[in-house]
Every structure is written in structure tokens, then in C-alpha cells.
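Morning, everyone. Please have a look at the structure on the screen before we start.

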Amino acid sequence: MSNPYFTNSLDLIPGNRARASDVEANLSAVEEGFDGVAADIDALESGKAPIDSPALTGNPTAPT
């Protein structure tokens, strides 16, 4: 599965325990992925129309 935010994978053999260093590295990668998602969401929200936009208040300007 391809994902632009979460690219790290942990290859564990069933029955083996994960090393703390592997877990920490993967946790850091997940946190970075969430930071990327949050940045994209912030960028998208900045492009929204203001709630008091004339197109959003008053009489409809398009067929309803």
C-alpha cells in the first residue's frame, strides 16, 4: 500500500519481539506523517471562503 505520509514499515517475524530502537524509529516516522497531514489540512483550510461571504449569506444566487 502506497501512502505519501506514512512510508516507513516495520518488518517483524511473527513471534519475535520488536527492539525498542525499531519501535522508536517507527513512532518518529508516524509522528512525521501526522505532521504532514496536519500541514496539508491547514493549507486547505486557509483557502476556504469566509463564512460571511455574500455567496453564503442572504438570498440564494443560484437555483436551489
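The protein chain exposes about 5,800 Å², and carbon and sulfur atoms supply 57% of that area. Areas here come from the Shrake-Rupley method with a 1.4 Å probe; for residues, only the protein chains shown count as cover.

This is a predicted model: local features need pLDDT of at least 70, side-chain atom pairs count only at pLDDT 80 or more, and totals for chains, interfaces and linings use all residues. Residues are numbered from 1 along each chain as its sequence is written, and side-chain values use heavy atoms, without hydrogens and water.

How much of the chain is buried? Of its 64 residues, 6% are buried (under 20% relative accessible area; exposed is over 50%, partly exposed in between, with a 1.4 Å probe and protein chains only). In α1, the buried residues are Asn26, Ala29 and Gly33.

Next, Asp35. Asp35 sits in helix α1, residues 20–45. Is Asp35 buried or exposed? Asp35 is exposed, because its relative accessible area is 54%.

Terms used:
Helix = DSSP H or I, 4+ residues; strand = E, 2+ residues; numbered from the N terminus.
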